Every structure is written in C-alpha cells, then in structure tokens.
Amino acid sequence: TSFIFKEVCGYPLSIFFIVVNEFCERFSYYGMRAVLVLYFKYFLRWDDDLATSIYHTFVALCYLTPILGAIVADSWLGKFKTIIYLSIVYAIGQVAMAVSAIHDITDTDRDGTPDNMTFHVVLSMVGLFLIALGTGGIKPCVAAFGGDQFSDHQDRQRRTFFSVFYLCINGGSLLSTIITPILRAQDCGIHSQQKCYSLAFGVPAALMLVALVVFIVGSGMYYKAEPQGNIMLDVCKCIGFAIKNRYRHRSNQYPKRQHWMDWAEEKYDKLLIAQIKMVLKVLFLYIPLPMFWTLFDQKGSRWTLQATTMNGYFGSLVIQPDQMQTVNPILILTLVPIMDSVIYPLINKCGLNFTPLKRMTVGMLLAAIAFVCAALVQIEIDKTLPTFPSTSQSQLKLLNMGSETVTIKIFNDFFVLQASNEYFTFEAGQINISVGHPEVRNTISLAKGQRQTLLIPLTITDEWLMTDDITSKPQEGNNAIRFVNGMKTAVNVSIPAANFGLIEPFSYSNYSLIKNGKVTFTLWSGSQSCEYSTDFGFGSSYTFFIPSTLVFGPNCQESITAAEDIKPNSVHMALQIPQYFFITAGEVMFSVTGLEFSYSQAPSNMKAVLQAGWLFTVAIGNFIVLIVAELAKLPKQWAEYVLFASLLVAVCFIFSIMAYFYTYIDPAEIEAQFKKNVNEDDEDNKHKLQKTERSNGKINVTKLSYYNMA
Ligand SMILES: CC(C)[C@H](NC(=O)[C@H](C)N)C(=O)O
C-alpha cells in the first residue's frame with residue numbers, strides 16, 4: 001500500500017501517532033481499572049469477594065482477547081483496520097461504563113441510590129465485555145504495527161521505540177491512576193450528589209476517542225503490511241498432523257524420530273517444523289509464569305481494598321485508596337532506567353551471568369516478598385480493627401446522661417462512670433443492671449450479634465433508652481457520626497454537608513456519614529446556637545453527647561463529649577510502599593525481561609504468536625486468583641497473602657529447574673541455516689530434475705512448485 005514516508009531524527013514520523021495512541025489507550029484502560037473494584041463495591045453494592053472475582057475475570061478476559069486480535073489482524077483485516085475497528089468497540093464499551101454509573105437514571109425515588117440495579121449491572125457488564133474485546137484485541141497489533149514501521153536496518157531505533165512504548169504505557173497508567181480516583185471522589189448528580197463514578201469512567205472514554213482520532217490522523221503515514229495468512233492456523237494444522245501421524249505410526253516397527261514434531265515432515269516444510277519447535281520450547285517454559293501475574297494483578301483488587309482500611313493523610317495531602325496504585329508506574333519510570341544503566345551492568349561487572357531466565361526467577365521471588373509485606377501490613381491493620389460481636393454475643397456500652405457519675409453494677413462487677421468508651425461483651429441474652437444509691441435495678445434484653453448503647457437518664461427512675469450501634473467499619477473511609485441529646489429541650493444539629501435533624505430531649509439522632517477533615521457542627525436550640533469543631537480521620541464512628549448542662553455560646557465546645565464507637569484507621573497507607581516497591585522491582589525483572597525474551601526467542605514469523613502467548617499467561621494468572629481465593633476461603637486476609645506468596649515460591653522453584661535446562665537460541669541464525677540448506681538442496685534437486693526432464697521429457701509440477709516455495 002502507498003504511504004507518505006517522513007523521517008524525524010532517523011525515526012519514522014508515523015511512530016509518533018502510535019506512541020501517543022498507546023499513551024491515551026493505556027490512560028483509558030488503567031484509569032477505568034483503577035476505580036473498577038470500588039465501583040463494584042460501593043455503586044453496585046457487591047461484597048469484597050464478588051468485586052474481586054469480577055475484577056479478575058475482566059482482567060483475564062483483557063488478556064485472552066489478544067489471541068483473537070492477532071488472528072483477525074494476521075488472517076483477515078490487517079493490523080491497521082483491526083486497530084481502528086476494535087478501538088471503536090473499545091470506546092463504545094467505555095461510554096457504556098460511564099452511563100452505567102449515572103445513578104440518577106434509575107433513582108426514581110431520588111434517595112441517591114439506583115432503584116433498578118439490574119440496569120446498571122447489565123450495562124456495566126456489557127461495557128466491560130466490549131472494553132476487554134477492544135483493549136485485548138488491539139494489544140498485540142499496536143506494538144507489532146509500531147515495529148513494522150521500521151526497516152530491517154533500523155534495529156537500534158526499533159529497540160528505542162519499544163522502550164519509549166513501555167514508558168508511554170506507564171506514563172498513561174500513572175496519570176490516569178492519579179486523576180480518575182480524584183474524579184471518583186467528587187460528588188455529582190442531578191437529583192442527589194453521589195460519588196462521581198460516571199466522570200471517573202467518562203474521562204477514560206474521552207481519552208479512548210482521542211486515541212482513536214490520533215491513530216486515524218496518522219493514517220497516511222503508516223506502512224500497512226498486508227495480512228499474511230493465518231500463521232496460527234498453519235501452526236495448529238502442523239501440530240495436529242504431527243500428532244495424528246505419530247499415532248498412526250505408534251507400532252514399534254517404525255523407527256523413532258528425534259522430536260515428536262518431526263512426524264509432520266511428510267507434509268510440512270522443515271523450516272516451519274523447526275520454528276514450531278522453537279515456539280513450543282518457549283511456551284513450555286511459560287507454564288509456571290501465570291502465578292506471577294496472579295500476585296501482580298492483586299494490586300488493583302485486594303491491595304486497593306486493603307488501602308481503604310488505612311490512613312491516607314500524607315501531611316496536608318489526602319491519598320485515595322485507589323491512588324496508591326500510582327506507586328507502581330512511578331517506580332517503573334524510575335526503576336527501568338536504574339536497572340538498565342546501573343544494576344544490570346554492575347552485576348555483569350561482578351562476573352555474574354544474569355541471564356533473562358535468571359532475572360525472571362528473581363522477579364518472581366521479589367513478588368513473593370511483596371506479598372509477605374502485604375501480609376505483615378494486614379496483621380497490623382487487623383490489630384486496630386474493632387472486635388465486633390459474633391452471632392451468639394452482644395455488646396453493650398453505657399452512657400450516663402446525668403452530670404454526676406453513677407455507680408453501675410452489671411452482674412457482680414461495679415463501674416463508676418460518666419460514660420464507657422469500651423463495649424462490654426456478653427454471652428447472655430439478658431443482664432441485670434443496678435445503678436446509683438439507692439440502687440435502681442433493671443433487666444436489659446440484649447440483641448444478639450449487635451452493639452448497643454444504654455442511655456442512663458438524668459433521673460434514674462425515668463425510662464432507659466437503648467440505641468442500635470454500627471457493627472461494621474464505615475465504608476470508603478467515611479466516619480459515622482450521631483448525637484445524643486441529654487438536654488431538656490430539642491436541639492437541631494447541622495453541618496454544611498448533612499443535617500442530623502431535630503433531636504428530641506433524651507433521645508438520639510441516626511448516623512450520618514462524614515468525610516475526613518475538619519468539620520464544624522452547628523447546634524441550635526431556639527435562637528441560641530453553639531459551634532462544635534473537630535477533626536475526623538478515616539473509618540471511625542463517634543457518638544457526640546450534648547449534656548443537660550450545656551450553655552449555648554462561644555464556650556460550648558468543651559461541654560460536648562465524644563464517645564469513640566469505632567477507632568479511625570490508624571495504620572498509615574505509606575506502609576504499603578514496601579510491597580509496591582517489591583512487586584514493581586519484580587515486574588521490571590520479570591515482565592520487561594519476559595517481553596524481550598519472548599521476542600528474541602521467537603522465530604521471525606511467530607513473534608506476534610509468542611506475544612499473544614505471553615499475554616495469555618496474564619489471563620491465566622487472573623483466573624488463578626479466582627480459583628485459589630474461592631477454594632481456600634481463608635478467614636484471615638493476611639493468611640491468603642501468605643498462601644499466594646508460598647505458591648509463588650513453589651512455582652518459582654519449578655521454573656528455575658526448567659530454566660536451568662533451557663538453551664538459548666538465535667532464531668534468525670537457525671532460519672538462515674535452514675534457508676541455506678534448502679537453497680543447496682534446491683540446486684541439487686534442480687540438477688536432478690533437469691536430468692529427469694531430459695530423460696522423461698516432462699516435469700513433476702507439484703515438486704517444482706514446492707521447490708520454488710522453499
Ligand atoms: C501488562 C503489561 C506488563 C503492561 N503493564 C505495565 O507496564 C504496568 C502499568 N506497570 C501493559 O502493557 O499494560
């Protein structure tokens with residue numbers, strides 16, 4: 001096909017459009033992926049396990065579809081048209097996701113929650129399917145299409161292109177994982193303000209359209225190789241024939257052949273058979289690799305969920321849980337150059353032969369260490385989590401609404417208190433409580449599996465009140481806040497974001513969810529007001545008590561007491577940095593090396609096949625997360641992390657043995673040797689044929705065409 005060839009600094013100008021396209025596409029993909037698990041959990045209201053399962057099924061699908069894309073491009077449409085058509089499918093998928101996240105579409109009662117969840121689930125699943133088809137389908141085509149733009153003598157430029165390409169992937173990923181969580185954390189909506197998932201998906205959709213437009217703009221400058229027929233199909237047919245032929249000749253009377261693929265020699269070209277052997281050798285080595293991806297891709301699921309239970313204050317900066325994933329591309333952008341220019345040359349200088357397969361083995365071990373770090377962090381988090389009552393237990397807290405301390409007797413234990421900050425746990429369904437002097441006795445019925453607070457009235461002989469308290473950590477780092485009014489008059493409590501309403505005397509408000517940061521509550525009783533300010537962290541719950549003695553005015557702040565029902569997240573998100581460091585160092589050693597290894601060990605006509613095979617290991621890795629998490633069903637998250645780390649160490653051991661027996665090849669040299677041999681045979685055969693022709697007076701046409709092909 002004709003194209004305008006323009007060169008800038010020795011590089012074809014067309015690759016500029018391809019690199020920008022990749023940047024926008026990766027922005028779109030990683031931006032959407034960064035908020036996906038939180039969208040499942042908080043918008044579609046799925047539990048952690050379902051959210052994690054669907055997330056990994058989606059990622060797996062994204063890496064299964066490259067095979068489809070490679071087949072369509074190679075055998076039918078060619079890479080250019082495949083990228084265009086599948087990018088359109090991809091953009092439609094992103095738009096569907098953005099629309100599925102608009103809660104107002106089905107929020108008929110305008111309470112801020114979607115009323116027809118099926119609509120949102122179906123639309124988002126269709127969207128995810130289209131995205132998986134698009135992103136996976138174009139993945140092996142874009143990189144190879146970029147490679148096609150270089151001529152044979154531009155090896156150095158082509159290598160630089162692939163490095164820039166990898167940096168663009170991570171640049172796009174970095175920016176989007178910073179931006180989309182910020183967009184998600186905004187409030188938006190028509191009838192009610194909710195977290196803006198539609199914007200967090202809408203911007204990636206826009207970037208995908210930009211990617212498509214940029215790619216089309218470069219259209220006239222691309223070298224577009226014609227589809228060469230489906231090499232995958234040829235490979236499958238050749239393998240199928242070898243197996244069938246071997247089976248037909250299974251009896252001992254037939255001499256054994258060196259390799260089972262040699263049984264295809266009767267029908268297929270020796271070069272093709274040699275190329276398939278090279279590919280099979282590498283594919284065999286790929287078998288243990290999915291386990292690496294099993295751990296690697298949990299950054300976006302389990303690790304993000306872990307971050308939601310942590311403290312995200314970095315000085316005055318607040319980091320969202322899903323933004324922690326940005327640590328990965330940041331580290332990639334710094335570690336790749338460091339590894340290439342410092343670490344690997346240093347290892348070489350020490351006389352160590354750090355072969356690609358050794359690097360990949362070390363990469364796997366680093367990923368296992370990352371998961372041990374994640375387990376240690378989880379243990380720290382678990383220590384700070386409240387112990388909620390089991391289904392056979394009840395928990396009770398006491399709040400004395402009077403100004404004097406009272407003596408309380410529960411069974412035979414005495415407490416002298418204004419309020420108890422701790423919950424007492426009981427196995428019994430009923431308890432006897434005696435309060436004050438002279439004693440006033442009461443029998444209290446407790447709700448199983450619940451936390452409750454007993455409000456002891458100002459006059460002990462008045463009715464005692466029991467509140468139902470929160471029994472799980474507030475989600476998304478919010479804080480659950482309520483007020484107890486101990487005054488004889490009603491009090492109205494409000495903040496700019498919420499109104500607790502009018503709280504009657506000796507009663508309490510419902511919980512309201514409040515974001516982290518400084519909050520000022522305004523309390524009104526008639527025309528009198530009082531301002532109460534406090535700072536909130538992440539994931540806490542408080543009951544604020546307005547005492548009967550409260551005097552409205554500037555000094556009212558000190559009179560209000562806060563009972564901490566659930567402590568705020570105290571383990572800092574910075575503790576996740578070591579696990580991110582190890583997983584990323586592992587990625588550089590494993591993934592970057594693996595990509596290069598897959599390219600260098602692949603025969604010339606099967607580079608794309610091996611790239612698709614490499615991406616296939618990512619897909620299998622994501623399926624393994626589902627299987628292991630489902631089968632193991634470990635009660636403790638840290639134990640699951642340790643299980644994954646142990647599995648990877650075991651797999652790494654097997655891989656190191658396989659790698660030990662692998663001999664590196666130079667496919668180009670082998671192919672050249674074959675072609676040389678065939679040319680020599682060709683000359684011999686031509687002589688033989690000319691003789692036969694002369695003696696018989698006719699030519700064997702089938703043989704001639706075979707020789708010409710060879
Ligand atoms: C899946 C690949 C390893 C690659 N991902 C990365 O480089 C991440 C962002 N570090 C990709 O092609 O997306």
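Colleague: What domains is the chain divided into, and how do you know their bounds?

Modeller: There are domain 1 (1-228), domain 2 (269-384 + 573-679) and domain 3 (394-566). Their bounds come from an automatic or database domain assignment. Residues are numbered from 1 along each chain as its sequence is written. Keep in mind that this is a predicted model, where local features need pLDDT of at least 70, side-chain atom pairs count only at pLDDT 80 or more, and totals for chains, interfaces and linings use all residues.

Colleague: How do you know how many residues of domain 1 and domain 2 are in contact?

Modeller: Two residues are in contact if their C-beta atoms, placed from the backbone, lie within 7 Å. By that test, 31 residues of domain 1 touch 29 residues of domain 2. The C-alpha centres of the two domains are 22 Å apart.

Colleague: Which elements supply the side of domain 1 that touches domain 2?

Modeller: α1 (14-43), α2 (48-100), α3 (117-148) and α4 each put in at least two residues. The largest share, 14 residues, is from α2. These helices are DSSP runs (H or I, at least four residues; strands are E, at least two), numbered from the N terminus. By class, that side of domain 1 has 20 nonpolar, 7 polar and 4 charged residues. Here Ala, Val, Leu, Ile, Met, Phe, Trp, Tyr, Cys and Pro count as nonpolar, Asp, Glu, Lys and Arg as charged, and the others, Gly among them, as polar.

Colleague: What makes a residue part of the shell around the ligand?

Modeller: Its C-beta atom, placed from the backbone, has to lie within 6 Å of the molecule. That picks out Arg 26, Ile 169, Asn 170, Ser 173, Asn 328, Pro 329, Ile 332, Glu 587 and Ser 591. Two or more of these residues come from each of α4 (155-185), α10 (327-349) and α12 (577-600). The shell splits into 3 nonpolar, 4 polar and 2 charged residues.

Colleague: Why do you say where the ligand lies relative to domain 1 and domain 2?

Modeller: Both domains give residues to the shell, so the ligand sits between them.

Colleague: How do you know at what angle α12 and α13 pack?

Modeller: Axes are lines fitted to C-alpha atoms, for helices over the stretch in contact, and angles run from 0 to 180 degrees between N-to-C directions. On that scale α12 and α13 (607-632) come out at about 150°, with axes 8 Å apart. In the contact, Gly 594, Leu 595, Ser 598 and Tyr 599 of α12 meet Lys 607, Leu 610, Gln 611 and Trp 614 of α13. Those residues sort into 4 nonpolar, 3 polar and 1 charged.

Colleague: Why are β17 and β21 called edges?

Modeller: Two strands pair if DSSP finds at least two bridges between them. The open sheet of 4 strands runs β17-β16-β20-β21, with antiparallel pairing. β17 (498-503) and β21 (528-536) each have a single partner strand, so one side of each lacks a neighbour in the sheet. β20 (517-525) and β21 clear the pairing test with 9 bridges; Gly 517, for one, is bridged to Phe 536 in β21.

Colleague: What makes β13 and β14 a pair?

Modeller: The pair has 4 bridges, in the antiparallel sense. Leu 454, for instance, faces Met 466 in β14. These strands belong to an open sheet ordered β10-β7-β13-β14, with mixed pairing. β10 (424-426) and β14 (465-468) are its edge strands, each pairing on one side only. The twist averages 30° from one strand to the next.
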